[in-house]
Amino acid sequence: MSPASPEGTPEPPELPAVAPQLRALRRRASLTLEAAAGSAGLSPAHLSRLETGQRQPSLPMLLGLARIYGTTVSELLGETPADRDAVVRSAAMEPTEAGGWTYFQAGSPGRAMQSLRVHVPYGTQGDIVRVHPGEEWLYVLEGRLKLRLGDTSYRLEPGDSAHFDSLTPHRIAAADRSGAELLFVHTLLQSPTAALCLGPASAPIREV
């Protein structure tokens, strides 16, 4: 029996044993112990103890390992995923509005990546700088888009696309008053800091 927690301090919830999945998923990703540990910010000895059940990972560790192995925390925990449709019909794409943008779910929920069709009206969220772990890919369907990555500003036309590391500070806005339509794929759901925003930035901008 574990010692009692100090009075008034709740005990942290116990996570299911993950050792049986960790090594198999690492090997499925074709990663050595050293490579996986380095990407996760762990020592090879620590990751080895996780894989042999001598240590239990924290939730941030699970999120990081899920990203590195290209899977979900649910799979790391050995949970059986619910059946998910591979095809999303247009009639099932219910719009969701947030911050002036309109989002249409274009992929199954609970995946390692989230796919969306997005309508970006003119003059919304253009001053919000985002930065978070993961990757983003976007493709302009209609209209023109202003994309700022770090200190460089791009103007994207229909048919243009961008693929970038989300740790690069970025801003997205419609370039024309008619707004813009884009396809958007991201891995934000794997990170607890997905909503992190830095706010307006004043650094010089280089136009490309």
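How many bridges join strand 4 to strand 9? The views below start with that pairing and then turn to charged side chains. This is a predicted model, in which local features need pLDDT of at least 70, side-chain atom pairs count only at pLDDT 80 or more, and totals for chains, interfaces and linings use all residues. Residues are numbered from 1 along each chain as its sequence is written, and side-chain values use heavy atoms, with hydrogens and water left out.

**View 1. Strand 4 beside strand 9.** Six bridges join strand 4 to strand 9 (residues 180-186), and the two run antiparallel. Strands here are DSSP runs of E with at least two residues, numbered from the N terminus, and two of them pair if DSSP finds at least two bridges between them. To find your way, look for Trp 137, whose bridge partner in strand 9 is Val 185.

**View 2. Strand 4 beside strand 7.** Strand 4 (residues 135-142) is also joined to strand 7 (residues 161-165), by five bridges and again antiparallel. A handy landmark is Tyr 139, which has Ser 161 as its bridge partner in strand 7.

View 3. Glu 181 and Arg 117 meet through their side chains in a salt bridge, 3.4 Å from N to O. The two are 64 residues apart, with Glu 181 in strand 9 and Arg 117 in strand 3 (residues 114-120), so the pair links distant parts of the chain. A salt bridge here is a side-chain nitrogen of Lys or Arg within 4 Å of a carboxyl oxygen of Asp or Glu. Glu 181 is buried at 16% relative accessible area, while Arg 117 is partly exposed at 32%. Buried means under 20% relative accessible area, exposed over 50%, and partly exposed in between (1.4 Å probe, protein chains only).

View 4. Arg 144 forms a salt bridge with Glu 157, their closest N and O atoms being 3.8 Å apart. Arg 144 sits in the loop between strand 4 and strand 5 (145-149) and Glu 157 in the loop between strand 6 (152-156) and strand 7, so this pair ties together parts 13 residues apart in sequence. Arg 144 also meets Asp 176 in a salt bridge, at 2.8 Å from N to O. Asp 176 lies in the loop between strand 8 (170-174) and strand 9, so this second pair ties together parts 32 residues apart in sequence.

**View 5. A salt-bridge network.** Here Arg 23, Arg 26 and Glu 51 are linked in a network of salt bridges.

Key:
Helix = DSSP H or I, 4+ residues; strand = E, 2+ residues; numbered from the N terminus.
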